[in-house]
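Hi,

I'm passing a structure over to you, with some notes on what turned up in it. Have a look at it first, and then read on.

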Amino acid sequence: MSNVHEARIALGTRLRELRQRADLTGRQLAESLSWQASKVSKIENGKQTPSDDDIVAWTEATGSEPERADLLASLHTLEVQHAEWQRQLRTGLKPHQNEIAEINARTRLFRVFESTYIPGLLQTGEYARSRFAQSITVFKVRNDIDEAVRARMQRQDVLYRPEKRFHFVLTEAALRYRLCPPEIMLGQLDRLVAMTSLPNVKLGIIGFETAYVVAPAHGFWLLDDERVMVETFSAELNLAQPQETSLYSTIFDSLAAVASYGRSARAIVTRVIDDLAQQLPSA
């Protein structure tokens with residue numbers, strides 16, 4: 001997140017330099033664009049991300065049109081690093097699933113840690129539907145849940161491509177959180193057990209009794225050594241600096257080292273299934 005903030009500040013600094021080179025005060029620039037003076041200050045200090053139209057207007061007002069293309073490129077790079085859900089999902093849930101599918105197609109090694117919910121590539125259709133329903137409720141976006149579920153299920157075809165490798169590490173908490181009805185969760189847990197039979201899929205579970213070396217602060221996807229994807233409530237962060245991918249690789253290795261695999265992992269999942277089944281009404 002600090003890398004995103006630094007990029008926003010760097011963009012603001014470049015825009016300030018253009019304003020100063022044009023011998024304009026912040027108030028004069030704001031008045032020429034019919035903006036509030038505070039908007040110029042927020043953009044220059046990295047507290048507000050400008051839009052494409054803002055960049056175009058800024059370069060016109062400061063006579064800096066030759067700088068426009070580079071500034072827009074910097075803005076779009078920043079938008080990829082910090083992609084707000086409201087903007088990403090404004091056309092619906094399915095387009096974002098298709099974007100992720102394209103990224104998955106390019107990735108050969110997936111290292112995934114989740115502490116709260118089941119990763120999309122391992123979800124059943126019913127579990128995915130529950131997750132998408134939450135997104136629709138929270139972000140008030142277009143309801144294309146049927147199309148989104150189908151797109152997510154199609155994404156899972158990548159699991160059966162032998163040239164790709166997958167290493168998933170989940171906490172036991174992710175198996176127990178009530179994010180969907182119990183009967184849906186039972187089906188989801190059964191699928192997890194089945195996925196351990198795939199030769200290119202490695203599934204680790206960190207049981208409640210395990211002592212952590214690194215706290216499971218949040219989930220993340222490490223795609224090859226090129227990108228780390230982190231989901232927050234407001235945005236999807238895409239981290240690509242070498243020091244960032246290296247850090248997350250080290251963290252993943254630490255979490256993976258304390259996870260249980262094979263028969264031991266299946267035993268944890270089965271334990272959760274048994275506990276959950278007891279909570280269902282008798283037939």
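One convention before the rest: a crossing of two helices is called left-handed if the near helix is turned anticlockwise from the far one by less than a right angle, and right-handed if clockwise. Helices (H or I, at least four residues) and strands (E, at least two) are DSSP runs, numbered from the N terminus.

This is a predicted model, in which local features need pLDDT of at least 70 and side-chain atom pairs count only at pLDDT 80 or more, while totals for chains, interfaces and linings use all residues. Residues are numbered from 1 along each chain as its sequence is written, and side-chain values use heavy atoms, with hydrogens and water left out.

**Overall picture**

The protein has 13 helices and 7 strands. Along the principal axes, its C-alpha atoms fill a box of roughly 75 × 40 × 35 Å. Of the 283 residues, 47% are buried (buried means under 20% relative accessible area, exposed over 50%, and partly exposed in between, with a 1.4 Å probe and protein chains only). Taking contacts (heavy atoms within 4.5 Å) between residues at least 6 apart in sequence, 76% join residues at least 24 apart.

**Two helix pairs**

Two packed helices are described by the angle between their axes and the distance between the axes. Here the axes are lines fitted to C-alpha atoms, for helices over the stretch in contact, and angles run from 0 to 180 degrees between N-to-C directions. Angles under 35 degrees count as roughly parallel, over 145 as roughly antiparallel, 65 to 115 as roughly perpendicular and the rest as oblique.

Helix α8 (residues 125-139) packs against helix α9 (residues 145-155) at about 130 degrees, and their axes are 9 Å apart. The two are therefore oblique to each other, and the crossing of α8 and α9 is right-handed. On the α8 side, the residues in contact are Gly-125, Ala-128, Arg-129, Arg-131, Phe-132, Ala-133 and Ile-136; they meet Ile-145, Asp-146, Ala-148, Val-149, Arg-152 and Met-153 in α9. By class, this contact of α8 with α9 has 8 nonpolar, 1 polar and 4 charged residues. For the classes, Ala, Val, Leu, Ile, Met, Phe, Trp, Tyr, Cys and Pro count as nonpolar, Asp, Glu, Lys and Arg as charged, and the others, Gly among them, as polar.

The second pair is α11 with α13, whose axes come within 10 Å and cross at roughly 165 degrees. These helices are therefore roughly antiparallel to each other, and the crossing of α11 and α13 is left-handed. Pro-182, Met-185, Leu-186, Leu-189, Asp-190 and Val-193 in α11 meet Arg-266, Val-269, Val-272, Ile-273, Leu-276 and Ala-277 in α13. The contact of α11 with α13 divides into 10 nonpolar, no polar and 2 charged residues.

**The core**

A nonpolar core is a set of buried Ala, Val, Leu, Ile, Met, Phe, Trp, Tyr and Cys residues joined through side-chain atoms within 4.5 Å. The largest one has 33 residues, of which Leu-159, Phe-168, Leu-175 and Leu-189 touch the most other members. At least two residues of this core come from each of β2 (109-114), β3 (165-171), α11 (182-195), β4 (201-206), β5 (220-223) and α13 (262-277). Helix α13 supplies the largest share of this core, 6 residues.

What does Leu-175 touch, not counting residues up to four places away in sequence? The list is Ile-118, Leu-170, Met-185, Leu-189, Leu-192, Ile-205, Ile-268, Val-269 and Val-272.

**Some single residues**

- Ala-265, in helix α13, is buried, with a relative accessible area of 2%. Leaving out residues up to four places away in sequence, Ala-265 touches Leu-203, Ile-205 and Ser-260. Its C-alpha atom is separated by 8.7 Å from that of Val-193, 72 residues apart along the chain.
- Ala-277 lies in helix α13 too, and at 37% relative accessibility counts as partly exposed.
- Ser-34 has a positive phi of about 60 degrees although it is not a glycine. Ser-34 sits in the loop between α2 (26-32) and α3 (37-44), and is exposed, with a relative accessible area of 69%.
- Asp-224, also not a glycine, has a positive phi of about 50 degrees; Asp-224 is in the loop between β5 and β6 (227-231).

Best wishes
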